[in-house]
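Hi,

Here is the structure I promised to send over. Have a look, and my notes follow below.

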Amino acid sequence: MTAVVETEQLGKRYGNLWALRNCTLALPSGSAVALVGPNGAGKTTLLELLVGLLRPTEGQARICGHAPFDEASVVLPHVAFVAQDQSLYSNLTAAEHLTLGRKLNHRWNDVLVRDRLHRLRIPLDRPVGRLSGGQRSQVALGLSLAKQADLVVLDEPLASLDPLARQEFLQTLMEAKVDSGSTVLLSSHIVSGLERVCDFLVILATARVQIATGIDEALTTHVRLVGPPTALPALSTVYPIVFSTETSRQATAVVRADGEIFDPVWELQHLSLEEIVLAYLSRTRLDDIEPKEEVATRAG
Amino acid sequence: MAPYRQIIQQVRQAILTGRLRPGDQLPAVREVVTTIAINPNTVFKAYRELEHEGLVELRQGQGTFVRQGPQAMAPAELAVLRRSLLRWMKVAQRAGLQQETILALCAATLQEAERLLSEEAG
């Protein structure tokens, strides 16, 4: 089975600055992928490379087996993309957007979308510029779902939404997933609640992929250990340590392990997805002060 | 805890406490997704695992149902198991083990027991 999304050593440089580097990924088809990381980590760059809005500086991306930039006409029908600013025409109504979508796309089905917008009491006949932020995001999402693409890419769809609108947005997205089986890739710097809607996790920080794994797997394999600082060196020979801190009396380490039996000197704590992400991000925060090339060898 | 495990645990508990009885239907995946905005893959995964454990069965075109079953344990038997576990936990706590450590030990021992049982069966 070909992965819907594959990248190999993908990189993008702006001037002297690498926005993304050494990015090698294969996203499982039909999954909902959370791309998380701090602002400026390279999330938008990666998404724009995947949908063919940017030309890679090095390496390659493949969407359904094709290069999104060089074979845009082949790839575009397979991809729906909602940019961070949603790119709607503020003086057009939702109904007009749907008509536009129908005329511009071969594959288009907005029956479910209209039904859903109707149920959410979003007026189809009002210019979208006069809708609330939450309503606009539903319209943008609706357009991307009506396209019935194999890959739906959403850049920070939750960032500007209040908690209720966020819940409604994710609900629409998950309902659509029951019917379509498309692969969904969404970026977010908000992690809380993502483990319910996503099943695959990619953490991006300082232009590099820190980890790409199933969320269930991440939750089972990562644990926090608390114990004496003297035991830390021995621990690091057994399990990969994601991040550790120590005081004179106590060491705390987040490790990636198989959840088997531990040395009794360590107290074991399970982690939430948010804590796992934080551990990876804290690590890169420390790496920031070291030379970049060294980071590359260590992250690899 | 992984969300699919939460679902499994909830169903298991509902069966154990009698809130779900043999023959009862579990909510359809779509219904679960609509109600709590959760990834359908997660619900499928939980249902598949419950089926694998023999707690529920998938009836083609009808849905997922709690099985008639050898799984249901008599309350008296359950009480005996619980008492022996209680004794063990008191020992563990007196020894100064933290709750997480106890739970981790339980999980690890459970895995070992499953492995041993499957070796015996195999």
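To start with a cysteine: is Cys64(A) buried, partly exposed or exposed? Cys64(A) comes out as partly exposed, at 24% relative accessibility (buried is under 20% relative accessible area, exposed over 50%, partly exposed in between, with a 1.4 Å probe and protein chains only).

Some housekeeping: this is a predicted model, where local features need pLDDT of at least 70 and side-chain atom pairs count only at pLDDT 80 or more, while totals for chains, interfaces and linings use all residues. Residues are numbered from 1 along each chain as its sequence is written, chains are lettered from A and ligands numbered from 1 in the order written, and side-chain values use heavy atoms, without hydrogens and water.

Now the interface. 23 residues of chain A are in contact (heavy atoms within 4.5 Å) with 22 residues of chain B. The two chains bury about 1900 Å² between them, 53% of it on carbon and sulfur atoms (accessible area, 1.4 Å probe, lost on being put together and summed over both). On the chain A side, Val178(A), Arg196(A) and Asp216(A) lose the most area to chain B, together 29% of what that side buries.

There are 2 salt bridges between the chains (a side-chain nitrogen of Lys or Arg within 4 Å of a carboxyl oxygen of Asp or Glu). One of the partners is Arg30(B), which pairs with Asp179(A), the closest N and O atoms being 2.4 Å apart.

Cys23(A) has its nearest cysteine sulfur, that of Cys198(A), 17 Å away, and Cys23(A) is buried at 0% relative accessible area.

Cheers

Methods:
Disulfide = S-S within 2.5 Å.
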